[in-house]
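Subject: Handing over a structure

Hello,

I am passing this structure on to you. Please open it first, then read my notes alongside.

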Amino acid sequence: MNQLQALLNDSLIRTKHVENAAIINIKERKVCASTFGFNVPPENALNLIYAFYENLLQVRRGGLYFKEKYYKCVRADEHSIYLQNMGLIVVKTKTFILVATYRVGMYPSVCVEAVEKL
């Protein structure tokens, strides 16, 4: 386990709010760490990068497909996207995009807050 995986486990998974998470390096355009069993295909990583830089308005209006599931957009700004359908949260920094799913029955705001703090 590398340091980024340990950070995901310690900061998100152990809170019991977030189910899975991955970190995408924007410059390298690839996933650099993910929690056990959470595979983000390369094309999905590129779609998330594209959503922030080229397609945010469209994501707000029409949602986003991730891992062959449709997610309706609830909130989107230049730093985060919150999508609904079993909950998907995407947060962008200058270097990374963090994508996380939250547990069924959790309040989305709690999960968004946990991901944004990380």
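What pattern does the protein chain follow, read along the sequence? It is α-β-β-α-α-β-β-β-β-β-α. That makes 4 helices and 7 strands.

Confidence first. This is a predicted model. The mean pLDDT of the protein chain is 83. Of its residues, 86% reach 70 or more. Strand S2 (residues 30-34) has the highest confidence, with a mean of 92. Helix H4 (residues 108-117) has the lowest, with a mean of 64. Please keep that in mind when you look at H4.

Now the chain overall. It has 118 residues, and 43% of them count as buried. Its accessible surface comes to about 7000 Å². Carbon and sulfur atoms hold 51% of that surface. Take the contacts with a separation of 6 or more: 45% of them join residues 24 or more positions apart.

Next, the sheet. The 7 strands form an open sheet, and the pairing is antiparallel. The order is S2-S1-S7-S6-S5-S4-S3. S2 and strand S3 (64-66) are the edge strands, each pairing on one side only. From one strand to the next, the twist averages 30°. Look at strand S1 (residues 18-25) and strand S7 (residues 96-102) in particular. They pair in the antiparallel sense over 7 bridges. In that pairing, Asn-25 has Phe-96 of S7 as its bridge partner.

Two helices lie across strands of the sheet. Helix H1 (residues 3-11) lies across S1, S2 and S7. H1 runs at about 55° to S2. Helix H2 (residues 42-53) lies across S1, S2, S3, strand S5 (80-84), strand S6 (88-92) and S7. H2 runs at about 65° to S6.

The largest nonpolar core has 23 residues. Phe-66, Ile-81, Leu-83, Val-90 and Val-99 touch the most other members. Which elements give two or more residues to this core? They are S1, H2, helix H3 (56-62), S3, strand S4 (69-76), S5, S6 and S7. H2 gives the largest share, 5 residues.

Leaving out residues up to four places away in sequence, Leu-83 touches Val-59, Gly-63, Leu-64, Tyr-71, Lys-72, Cys-73, Val-74, Leu-88 and Val-90.

Two more residues to look up. The first topic is Ile-49, which lies in helix H2. Why does Ile-49 count as buried? Because its relative accessibility is 5%, and buried means under 20%. Beyond four places in sequence, Ile-49 is in contact with Ile-24, Asn-25, Ile-26, Arg-29 and Ile-97. Ile-49 and Lys-92 are 43 residues apart in sequence, yet 8.8 Å apart in space, C-alpha to C-alpha.

The other is Thr-35, in the loop between S2 and H2. Is Thr-35 buried or exposed? Thr-35 counts as buried, because its relative accessibility is 5%. Not counting residues up to four places away in sequence, Thr-35 touches Leu-8, Asn-9, Ile-13, Asn-20 and Ala-21.

Best wishes

Definitions and conventions: Residues numbered from 1 in each chain as written. Predicted model: local features only at pLDDT ≥ 70, side-chain atom pairs only at ≥ 80, totals over all residues. Heavy atoms only, no water. Buried < 20%, exposed > 50% of the residue type's maximum accessible area, 1.4 Å probe, protein only. Contact = heavy atoms within 4.5 Å. Areas by Shrake-Rupley, 256 points an atom, 1.4 Å probe, with all protein chains shown as cover. pLDDT = per-residue confidence, 0-100. Pairing = 2+ DSSP bridges. Axes fitted to C-alpha atoms, helices over the stretch in contact; angles between N-to-C directions. Core = buried A, V, L, I, M, F, W, Y, C linked by side-chain atoms within 4.5 Å.
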